[in-house]
Amino acid sequence: MLSLHAAQHRRTTGTAPRIGLAIAGGGPTGAMYELGALRALDEACDGLDLTRLDCYVGVSSGAFFAAGLANRMDTAELCRIFISGDSQDVVFRPDAFLRPALLEYMRRAVSIPRLGAKLTRDLWSGGGDSRWSDLVTRIGGLVPTGLFDNAEVERFLRDVFTRRGRSNDFRTLERPLFVIGVDLDSGEAVRFGDRGWDDIPISQAVQASAALPGLYPPVELRGRHIVDGALRRTMHASVVLDRDVDLMLGINPLVPFNPGSDGEAQSHRFSDRRIAEGGLPGVLSQTLRTMLQSRMQVGLARYAQQYPDIDQLVFEPNAADRELFYTNVFSFSARRRISQIAYRNTLADLRNRRDVLEPVLARHGISLREDVIADRPRSIIAHLPQVPRSTETTAILGRALDDIEHGLRRKPAGPRGGGSSRRMV
């Protein structure tokens, strides 16, 4: 499903069009949807280089892909890492991200005797307004803040971003990258990569942005407990729009399930249209999806008025897609199937909205590849290009040669207002 807001007036600046990317969160399943959508855009859009955009913002699971693209990891390599598993560079082990947070459990457990003694005294003496409410409150303090240990998330990212010419430092990236978290104690957004927060390693920023309460514990940085950036806003697209871009691309992987009333709904294997009958997981999933998308729709409607001269394209799943809804949001096992659904959906959006999309994209030097968006089966894995084997040294050399080639092709561009300067390396 594609949301399109075409600019009311095209700005004439005499410079190359500036393009920004905003990627929302959505847990492991949402991340795989985002990867499939990114790969489809990469293949289908001639003139669009997702590794050389003018601004990136990532929230939660989307923060890794934003950071990867800003580090010049293309979508083909990201697919090899997370889907096909045949990357020469990175080994991805999903089980490492789902290890129990044993230290958190132990920290909570050591307080059991103290809390138990105090609770017994209060209940015996009649202290507290309500014995049962006091009991619930005290017991709640023993529950861990996260089921899984996210320290491995940070270690994995730190390893990826400190090899082959990549950077784990916001300040040394060629393009502005922003990773969004939320201060748990104040509810305020924390914009990693912005002034004052750009000295935090990218790996720690992504770890904090992806710390979904209940799944992972908060990440303590500078004495503040940082959690999932989606708690504040769904996509934080305004971060991109404020950077004086001409085109904003957005991806939101979670939408509420709406099977509609077609006859197919009754014959499909996921024919249960009463979500409550599926129990608490289905109710929580639908609630989360509804909250995230409704907030984003309000934001996009406001952005259309606030930024009337910026083309805005946001890609989302189809609301009637049962496979997406009935797949565990926190599971990595279905990553190939989910990414293929996203790949297929995004290509279909580009094909079905081609008449209105082509003139918008053409303003930014982008055209659609007919052979890619054609209405025929296409596999995200089958069309990954083959790459020669490389070492650390040859990978760094390849980046340098690519920089030289890009510099020779690049047209001179004058300064643009609306964003802070960024040191180039």
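Helices (H or I, at least four residues) and strands (E, at least two) are DSSP runs, numbered from the N terminus. Keep that in mind for Arg222, which sits in the loop between strand E7 (219-221) and strand E8 (224-228).

A word on the model before you start. It is a predicted one, where local features need pLDDT of at least 70, side-chain atom pairs count only at pLDDT 80 or more, and totals for chains, interfaces and linings use all residues. Residues are numbered from 1 along each chain as its sequence is written, and side-chain values use heavy atoms, with hydrogens and water left out.

**Exercise 1. The whole chain**

Task: Find how many helices and strands the chain has, and what percentage of its residues is buried.

Solution: 
- Step 1: count the elements. There are 16 helices and eleven strands.
- Step 2: Buried means under 20% relative accessible area, exposed over 50%, and partly exposed in between (1.4 Å probe, protein chains only).
- Step 3: apply them. Of the 425 residues in the chain, 51% are buried.
- Step 4: look at contacts, meaning heavy atoms within 4.5 Å. Among the chain's contacts with a separation of 6 or more, 79% link residues 24 or more positions apart.

**Exercise 2. Arg166 and its partner**

Task: Work out which side chain joins that of Arg166 in a polar contact.

Solution: 
- Step 1: locate Arg166. Its place is in the loop between helix H7 (151-160) and strand E5 (177-183).
- Step 2: check burial. Arg166 counts as buried because its relative accessibility is 12%.
- Step 3: know the rule. A polar contact is a pair of N or O atoms within 3.5 Å; within protein, one must be able to donate a hydrogen and the other to accept it, and residues adjacent in sequence count only if both atoms are side-chain atoms.
- Step 4: name the partner. The side chain of Asp89 joins that of Arg166 through a polar contact of 2.5 Å.
- Step 5: widen the view. Leaving aside neighbours within four places in sequence, Arg166 is in contact with Asn71, Met73, Asp89, Val90, Val160, Phe161 and Arg399.

**Exercise 3. A strand with covered faces**

Task: Say which strand pairs with E10 in the antiparallel sense, and which one runs parallel to E10.

Solution: 
- Step 1: recall that two strands pair if DSSP finds at least two bridges between them.
- Step 2: take the antiparallel side. Strand E1 (residues 2-5) pairs this way with E10 over four bridges, and His5 has Gln312 as its bridge partner in E10.
- Step 3: take the parallel side. Strand E9 (residues 247-251) is joined to E10 by five bridges, with Ile251 bridging to Phe315.
- Step 4: check burial. Five of the five residues of E10 (residues 311-315) are buried, so the strand is largely enclosed by the rest of the structure. On one side you have Asp311, Leu313 and Phe315, on the other Gln312 and Val314, all of them buried.

**Exercise 4. How H3 packs**

Task: Describe how H3 packs with H1 and with H13.

Solution: 
- Step 1: learn the angle. Axes are lines fitted to C-alpha atoms, for helices over the stretch in contact, and angles run from 0 to 180 degrees between N-to-C directions.
- Step 2: start with H1. Helix H1 (residues 27-44) and helix H3 (residues 75-84) pack at about 150°, their axes 9 Å apart. That makes H1 roughly antiparallel to H3. The classes are: under 35 degrees roughly parallel, over 145 roughly antiparallel, 65 to 115 roughly perpendicular, and the rest oblique.
- Step 3: go on to H13. H3 and helix H13 (residues 335-352) pack at about 140°, again with axes 9 Å apart. That makes H3 oblique to H13.
- Step 4: find the residues. Phe82, Ile83 and Ser84 in H3 meet Arg335, Arg336 and Ser339 in H13.
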